[in-house]
Amino acid sequence: MIDPYYLQQLAIGLSLGMTYALMAIGFTLIFGVLNVVNFAHGEIYTLGAFAGLVLITASAPPVAAVVFAALAIGALAGFSLERLAFKPFRRFTDEASLKSRAMRESTLLSSLAVSIVVREALEIVFGSEMRSVPFEYLINTPVRVGPVILVTGDFIIFGVSAAMLIGLQYLLTRTRIGLGIRAVSNNPLGAKYVGIDTDRTIIMTFVVGSMMGAAAGILVGLYYGAIFPAMGFVPGIKAFVAMVMGGLSSIPGAVICALILGVSESMATTFVSSGWSDMVAYGFLILTLIFFPNGLFGAGRERV
Amino acid sequence: MNASNTRQGWLVPALIGLLVFAVLPAGLAAFDRGYFYQVANVAMIFVLLSASMHLVTGVAGLLHLGHAAFYGVGAYTAALLATKAGLGFTWTLPLSGLVAALVAFLVALPTMRLVSIYFAVATLAIGQMLYLVMLNWVEFTKGPNGIIVSKGLELFGFSLSGRLATYYTVAAVVMLCVVAISRLSHSYYGNALRSIREDDQCADAMGVRTVRLKMEAFTLSAFFAGVAGSLWAHMTGYISPGDFKFSESILILAMVVVGGLGSLPGAVIGALLLILLPEGLRGMGDFRNIMVGMVMFLSILFLPKGLLGEVSALRLVRQQLGAAWRRTDNGIGIGWR
Amino acid sequence: MTHLLEIDKATRRFGGVVAVNGVTAHVDEGELVGLIGPNGAGKTTLFNLISGFTPLSSGTVRFAGHLVNGKRPNQVAHLGISRTFQNLRVFPNMSVFDNVSVGAVGTLPQGPFGALFGGAKRADEISERTWQALEAVGLTHVADELAANLPYGRRKYLEIARALAMRPRFLILDEPAAGLNDTETRELASFIKRLHGQGLTIMLVEHDMNLVMGICQRVLVLATGRKIADGTPDVIRKDPAVLEAYLGVDA
């Protein structure tokens, strides 16, 4: 029988990992599957959280409405982001792929710039301190499951992640839209030639991915009870790490690696102070980039 | 037909020298407000940071998202050498540069073969890791409390800590470094770096040792960032991790992008713009970062070549600074001397 | 007798596909050799094997006695091989002069310390070589023009000038006549002949039969990764295997 202490530690790590997985799913859809370099996903996550917070402080509606608000804001934000920071750089869809490296770097810079503007705007409007979520909305009531203690949020996040994961896998592999997304990511010009509306496909992917990001934001916000403008930056990087470790275009892979990351991080904090815990993610990233060019599971990367 | 117009060759540098070493200090001394001196010094230091970033990102094409961390390595080296070993600026200046360059070299060794976007993310991770070290290794770096550097600038024992002397020292070091960066960028070596940016596979086929040159560009830019760090440490007298976080790397990147990727005059202009503008529009404190983001975004969208794009900048340098090998029949300079 | 370029049972596999299959061939100093074959025969892959762009799966390539296997493209360039590209890879945001100078600085290198402290000597050497290469292709009048602004035909000559600035012992041209009209092709043919006349060893891949048969001294024929013929243009013209390869796969 395993010592319950270690089981609890594992549970803590898995919970942490699930919060990363929640964000990694939407992130991987846009970056990994659609093959678009998006540096602003962390801010969509934050916007989702703030949308929920604003609604809560304004009219104290039921939790479902809060999540719905986050989803709506996420969809709107994703759409706007795509139109603002990505569409203008697709003017050169007819030029040779020589342009593509420059274009990807432009979109990296433009999405980075947008993310800065959004984050700073949030700081100006809401201030940079942490806002706490009112007690009634927190989803961290403890629940005993055998030898370990989890919280209600763990189940909710797990459920939502599973739903998103299954939904996306179905979408990507069994539907025409999903096929369209994969076609566009593989060869945008070719996809156009066979009649796929690349613009619409890209917009839809952004909207779906951003809704997931926003949902992640509000759920994590309700889980930890703290919402602040810079909250998306570090989780965004960790979602990126999970995605790269998972082989870039595999959403299930990203989820598994997010869990690995969460468990590793919480194990690390038993040895060093929590200030260093982010090092785990950065370390994994560097190691994966250098030693596992095809991700941990050899699912393939080198698509730039 | 080998003559470059020697009269034009020294005119512009002379004017710049006059501005920086005579006109500006005269103005500073006349107004004699500590605040103006501070702004001038900060602007010069960021000119150096921007110029060093120009070399690695503008010329060599390596998107670097962690440049401020090497600036920080230099600053911490200077601060620690000054406070723990009692060394003066004469020593900390070169050592800060060398330590930053060494760290960059070690970082570059495993990561240089990564493709562009992944290299960029790797530099982001490295920058964050260095930042975490500054923040958490409290025994060594004093963590978030930062380090107070009581030794001002000096040279070979000669104290230069008065306001005007500080200004002249900062200006002299920055000018010297910018000239060095100019000679690197505006040369056939610079052309080799540019070819790597344009098409590194093809450059390799032309005999350019791409991996080695990328490492050189990365290491050299870190050296200059480290030098800027030592200037900062001695000039302001206090450093803390917050001076070197990710948003500072983005600020420097924005300077280069706004000025024009590949253009050294552009990088200088970008630095001056993004430092002086928020100072000019006083009470902008909180708005600085949002302004940086907006300026960067608008510039990428509407002025992708930057304020003074590479093509114009290279022509300018060849015309005005006599850097060309010869002139074509139309009087345009080509090649490098 | 040692050949300048020796290819011995060179093979390149990409997963299940064998692009080049046990090709053995040679090129001697001073020759002008053509490489032809139907689409997909492995010609560009063979070029990539020779220039170090892609590694050999088995077999060897030797240049002037040195093993090319496992060398990076810049090392192969330093051995004396320079090349152009089928899909025209000039450096778009650099001027014509600067483009060609990269060929010169690659093989006559100037490092950072040379740029910082060195006198004008190395720079002048590079400048001279660049100018001479531009004169050879007749592009000196557009030296300051941005490469991206050059018309297609001129860009081909720019690539060749850049390769010439490397002062190669062996120049390989990958479909130099692609996209050129008849007049331009004729000009190109006489240009290549002139280069060859000046002592340069050249190998070219081409689809334009008139060009290849017209100027090449010897022709290698590839089909589905194998060498099926090797001889003078007259011999190749009548070779039944060659005819079958071309007519048989006519789509």
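**The sheet in chain C**

Modeller: In β4(C), Ser58(C) is the bridge partner of Thr11(C). Strands here are DSSP runs of E of at least two residues, helices are runs of H or I of at least four, and both are numbered from the N terminus. This is a predicted model: local features need pLDDT of at least 70, side-chain atom pairs count only at pLDDT 80 or more, and totals for chains, interfaces and linings use all residues. Residues are numbered from 1 along each chain as its sequence is written, while chains are lettered from A and ligands numbered from 1 in the order in which they are written.

Now the strands. β1 (residues 5–14) and β4 (residues 58–63) of chain C run antiparallel, and five bridges join them. Two strands pair if DSSP finds at least two bridges between them. The sheet is open and has four strands, in the order β2-β1-β4-β5 (chain C). The pairing is antiparallel. At the edges stand β2 (17–27) and β5 (66–67) of chain C. Each has a single partner strand, so one side of each is left without a neighbour in the sheet.

A helix joins the picture. Helix α1 (residues 43–50) of chain C packs on the sheet. This helix touches β1, β2 and β4 of chain C. Contact means that C-beta atoms, placed from the backbone, lie within 7 Å. The direction of α1 of chain C makes about 65° with that of β2(C). Axes are lines fitted to C-alpha atoms, for helices over the stretch in contact, and angles run from 0 to 180 degrees between N-to-C directions.

Key
Two residues are in contact if their C-beta atoms, placed from the backbone, lie within 7 Å.
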